[in-house]
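This report is a first guide to one protein model.

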Amino acid sequence: MKTFQKLTVFMSMIYLLSAIPTMAQIDNSLTFQTPFACYAGNAKLPPGSYTVTQPDDNAELLLIESADGSHSVFVEYVPVASDTPPSKTEITFNKYANADFLSRISVEGQNSMQILASKAERNAAKAAAAEKHSLSAKSGR
């Protein structure tokens, strides 16, 4: 009987862990406009309008693409669980000196997605403290 209980607990944990990535997904897409150049992952994106989509629901990967299709980059993220879901959809940046790095994407009513820091951002963080600032985004649901 103890083996059955252990198996039940193990299967329950596997089920719960497999549900965690679905907590931080972009249902369809979201758009934002940035008046400044910024880094997303290892790519420098010029000022402009961008769309964020999640091409694979099972991967913690986002596609950020300019409205004209001339710039795009994939970025990895980790879901950020919170007792209180974000009250608005926004894009957050870390600013070091004159460089802005995409840091977090928050979707209203869902959990946030923390963008993994690139090597360039980690180096910038060694030299200065980050100033956080956010831009509003629109969900494309």
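Accessible areas here come from the Shrake-Rupley method with a 1.4 Å probe. On that basis, the accessible surface of the protein is about 8,600 Å², and carbon and sulfur atoms hold 55% of that surface. The model is a predicted one.

**Overall make-up**

The protein contains two helices and 10 strands. Their order along the sequence is α-β-β-β-β-β-β-β-β-β-α-β. Of the 141 residues in the protein, 35% are buried. Among contacts with a separation of 6 or more, 53% are between residues 24 or more positions apart.

Which strands pair with β1? One is β4 (residues 48-53), which is antiparallel to β1 and joined to it over five bridges. In this pairing Gln33 stands opposite Ser49. Another is β10 (residues 131-139), also antiparallel to β1, with three bridges. Here Phe32 has Ala137 as its bridge partner.

**Aromatic rings**

The whole structure holds four aromatic pairs. Two of them are set out below.

| Pair | Centre to centre | Angle between planes | Arrangement |
|---|---|---|---|
| Phe36 and Phe93 | 5.2 Å | 80 degrees | edge-to-face |
| Tyr96 and Phe101 | 5.7 Å | 65 degrees | edge-to-face |

Why does the pair of Tyr96 and Phe101 count as edge-to-face? The planes of the two rings are at 65 degrees, and the class takes in angles over 60 degrees.

Phe36 and Phe93 link distant parts of the chain, being 57 residues apart. Phe36 is in the loop between β1 and β2 (38-40), whereas Phe93 is in strand β7 (residues 90-96). Both residues of this pair are buried. Tyr96 and Phe101 are buried as well, and together with Tyr39 they form one aromatic cluster.

Ala40 belongs to strand β2. Is Ala40 buried or exposed? Its relative accessible area is 1%, so Ala40 is buried, the cut-off being under 20%. Leaving aside neighbours within four places in sequence, Ala40 is in contact with Leu45, Ile64, Val73, Val75 and Leu102. Ala40 and Phe101 are 61 residues apart in sequence, yet their C-alpha atoms are 6.1 Å apart in space.

Ala97 lies in the loop between β7 and β8 (99-106). With a relative accessible area of 64%, Ala97 is exposed, since exposed means over 50%. Most residues other than glycine have a negative phi. Ala97 is not a glycine, but its phi is positive, at about 55 degrees.

**Ser112**

Ser112 is in strand β9, which covers residues 112-115. Because its relative accessibility is 7%, Ser112 counts as buried. The side chain of Ser112 makes a polar contact of 2.9 Å with the side chain of Ser106.

Conventions: Residues numbered from 1 in each chain as written. Predicted model: local features only at pLDDT ≥ 70, side-chain atom pairs only at ≥ 80, totals over all residues. Heavy atoms only, no water. Helix = DSSP H or I, 4+ residues; strand = E, 2+ residues; numbered from the N terminus. Buried < 20%, exposed > 50% of the residue type's maximum accessible area, 1.4 Å probe, protein only. Contact = heavy atoms within 4.5 Å. Polar contact = N/O pair within 3.5 Å; in protein donor to acceptor, adjacent residues only side chain to side chain. Pairing = 2+ DSSP bridges. Phe/Tyr/Trp six-rings, centres within 6.5 Å; stacked < 30°, edge-to-face > 60°.
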